[in-house]
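Here are my notes for when you open the structure. Keep the 3D view beside you and go through the points one by one.

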Amino acid sequence: MSLFRTKNIDAMVAVSQSGVSGLKKALGPTDLVLMGIGAIIGTGIFVLTGTGALTAGPALTLSFVIAAIACGLSALAYAEFASSIPVSGSIYTYSYATLGELVAWIIGWDLMLEYGLATSAVSVGWSGYFQSLIHGFGIDLPTILTAAPGAVPGKHTLFNLPAFLIMMAITTLVSIGVAGFARLNNIMVAIKIGVVLLFIVVGVGYVKPANWTPFMPFGFHGMFNAAALLFFAFIGFDAVSSAAEEVKNPKRDLPIGIIGSLAVCTILYVAVSAIMTGIVPYQQFAGVDHPVSLALQYAGQNWVAGFIDLGAILGMTTVILVMMYGQTRVIFAMSRDGLLPAKLAKVHPRFATPFITTWVVGIVFGIIAALIPLNILAELINIGTLTAFSLVSVAVIVLRKTRPELHRAFRCPGVPFLPLLGIAFCLFLMSNLQAITWQAFGIWLLIGFVVYFGYSRRHSKLAQR
């Protein structure tokens with residue numbers, strides 16, 4: 001039974017509110033909503049919409065809606081936990097308090113994969129738009145440094161240099177303090193939203209309804225496959241919950257940040273995908289890594305397409321910022337609990353950040369970004385996220401039974417029915433992922449079990465107490 005020992009919720013909350021962690025409380029509701037939008041709007045809309053269009057055709061809009069529903073059901077569960085247990089670590093922390101240490105370890109290990117590969121994948125998308133932008137100024141990198149090995153058919157590529165460099169720049173920003181990072185994120189998110197709205201306003205006049213026919217060329221199977229892939233586009237709102245110990249009023253502000261950011265992004269996603277497939281026949285997105293700007297180039301609006309490239313670069317920069325931030329806080333929480341080496345929980349005396357953790361994460365996943373193609377990264381991220389979202393729905397049901405008296409500033413409606421529906425949605429989307437994705441995920445979990453039984457179980461602070 002020691003494998004399923006749980007942490008005391010009241011003690012966890014008391015420690016987080018005491019400030020003993022050394023993390024600085026500097027975030028408000030606006031910061032959290034913009035943080036969520038900053039994490040969500042990025043590679044999913046600026047890059048993977050092209051891949052999704054090839055899979056679903058114009059039904060891409062419905063694929064976004066399906067993915068949003070699955071995320072929305074999980075977001076309600078996240079919001080309840082964030083308002084009840086405002087502690088760093090996101091679903092890892094929630095699982096430790098409800099489902100036990102082994103489950104918490106599995107989901108923490110899973111989140112390390114999800115957030116880490118998300119930063120890698122988005123930096124690859126960032127690289128594509130950056131190269132498109134500088135190409136407009138007559139600047140081209142050597143082919144060998146433009147992409148991962150085998151990422152571009154017919155070209156000899158070895159290392160994605162722009163992806164690696166942006167990861168190093170973001171690592172520097174995240175390592176030197178949350179307040180400055182939040183201000184920069186807010187500015188870039190405002191620009192990013194402005195660019196998306198510019199695309200909608202300019203692009204809607206070039207839509208040809210004939211391009212939406214047939215609306216579902218690949219049937220329901222294609223639409224659901226695209227939804228499983230585009231689930232990646234909504235990853236990020238859960239990273240808001242990892243900021244719990246750095247929020248001024250977490251019980252009120254965390255639910256606002258989680259639900260508000262998801263709602264705004266869903267509306268923008270549906271509008272952009274509808275206009276994009278209305279301008280360009282979906283077949284022409286094959287091999288394109290900047291589909292949104294391509295749509296405006298196709299319409300002859302090259303000057304606006306340049307703004308889209310710039311907005312995409314800023315947009316994906318904020319995604320890398322927030323996802324790297326989320327990952328470092330999950331590792332910080334796991335290290336503080338003894339499941340990972342204690343040095344990873346050490347807070348820098350000047351910057352008040354887990355400095356060593358941030359740089360380890362940045363270097364490792366920067367190298368991954370430089371060496372692994374985007375399509376492989378995206379599917380691996382999705383299966384990790386869907387697993388996490390399923391478990392948070394299970395955990396909210398369990399906590400209602402075990403701690404019915406716990407104060408909840410926000411309550412997930414329709415428990416247990418809506419959480420069960422969320423689990424069903426996630427499992428269905430997982431069933432649409434490729435077999436190789438499941439195999440890679442299984443290998444990652446096996447490695448996690450080796451680490452847990454070889455190190456974490458013996459060093460767990462909860463076990464020692």
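Helices here are DSSP runs of H or I with at least four residues, numbered from the N terminus. Keep in mind, too, that this is a predicted model.

1. **The end of α4.** With that naming in hand, go to helix α4, which covers residues 48-56. Its buried residues include Leu48, Thr49 and Gly50, and Gly52, Ala53 and Ala56 are buried as well. Just after α4 comes Gly57, which takes a positive phi of about 70 degrees.

2. Leu62, Val65, Ile69 and Phe215 make a nonpolar surface patch of about 290 Å². Pick out Val65, which sits in helix α5 (residues 60-84). Is Val65 buried or partly exposed? Its relative accessibility is 32%, so Val65 counts as partly exposed.

3. Ser175 belongs to helix α8, residues 161-175. What does the side chain of Ser175 make a polar contact with? The partner is the side chain of Trp359, at 3.4 Å. If you skip residues up to four places away in sequence, Ser175 touches Phe351, Thr353, Phe355, Thr358 and Trp359.

4. Gly326 is in helix α14 (residues 302-336) and is buried, at 0% relative accessible area. Neighbours within four places aside, Gly326 is in contact with Tyr115 and Ser242. Now try Ser120, found in helix α7 (residues 101-135). Ser120 also has a relative accessible area of 0%, so it is buried. Again leaving aside neighbours within four places in sequence, Ser120 is in contact with Phe365, Ile368, Ala369 and Leu377.

5. A pair of aromatic rings is described by the distance of the centres and the angle of the planes. The count comes to 18 aromatic pairs. One of them is Phe449 with Phe453, a stacked pair at 6.5 Å centre to centre with 25 degrees between the planes. Why are Phe449 and Phe453 separated by about one helical turn? Because they are four residues apart in helix α18 (residues 435-459). In general, an α-helix has 3.6 residues a turn, so residues three or four places apart point the same way. Phe449 is partly exposed at 29%, and Phe453 is partly exposed at 42%. Phe453 has another ring partner, Tyr452: their centres are 5.0 Å apart and their planes at 85 degrees, so this pair is edge-to-face. Tyr452, at 0% relative accessibility, counts as buried. Step back and you'll find a cluster, in which ring pairs link Trp105, Trp109, Trp444, Phe449, Tyr452 and Phe453.

6. **Salt bridges that span the sequence.** Side chains of opposite charge can pair when their charged atoms come close. How many salt bridges does the count come to? Eight. Take Asp337 and Lys7, whose closest N and O atoms are 2.6 Å apart. This pair links distant parts of the chain, 330 residues apart: Asp337 is in the loop between α14 and α15, and Lys7 is in the segment before α1. Asp337 counts as buried at 9% relative accessibility, and Lys7 is buried at 16%.

7. **Asp10 and Arg403.** The side chains of Asp10 and Arg403 meet in a salt bridge of 3.6 Å, N to O. Asp10 lies in helix α1 and Arg403 in the loop between α16 and α17, so the pair ties together parts 393 residues apart in sequence. Asp10 counts as partly exposed, at 45% relative accessibility. A network of salt bridges links Asp10, Arg403 and Glu405.

8. **Arg400 and Glu80.** One more bridge to look up: Arg400 with Glu80, with the closest N and O atoms 2.8 Å apart. Here Arg400 is in helix α16 and Glu80 in helix α5, 320 residues apart. Are these two buried or exposed? Arg400 is buried, and so is Glu80.

Methods. Residues numbered from 1 in each chain as written. Predicted model: local features only at pLDDT ≥ 70, side-chain atom pairs only at ≥ 80, totals over all residues. Heavy atoms only, no water. Patch = residues over 30% accessible without salt bridge, like charges linked within 9 Å, V, L, I, M, F, W, Y side chains within 5 Å. Areas by Shrake-Rupley, 256 points an atom, 1.4 Å probe, with all protein chains shown as cover. Salt bridge = Lys/Arg side-chain N within 4 Å of Asp/Glu carboxyl O. Helix = DSSP H or I, 4+ residues; strand = E, 2+ residues; numbered from the N terminus. Buried < 20%, exposed > 50% of the residue type's maximum accessible area, 1.4 Å probe, protein only. Polar contact = N/O pair within 3.5 Å; in protein donor to acceptor, adjacent residues only side chain to side chain. Contact = heavy atoms within 4.5 Å. Phe/Tyr/Trp six-rings, centres within 6.5 Å; stacked < 30°, edge-to-face > 60°.
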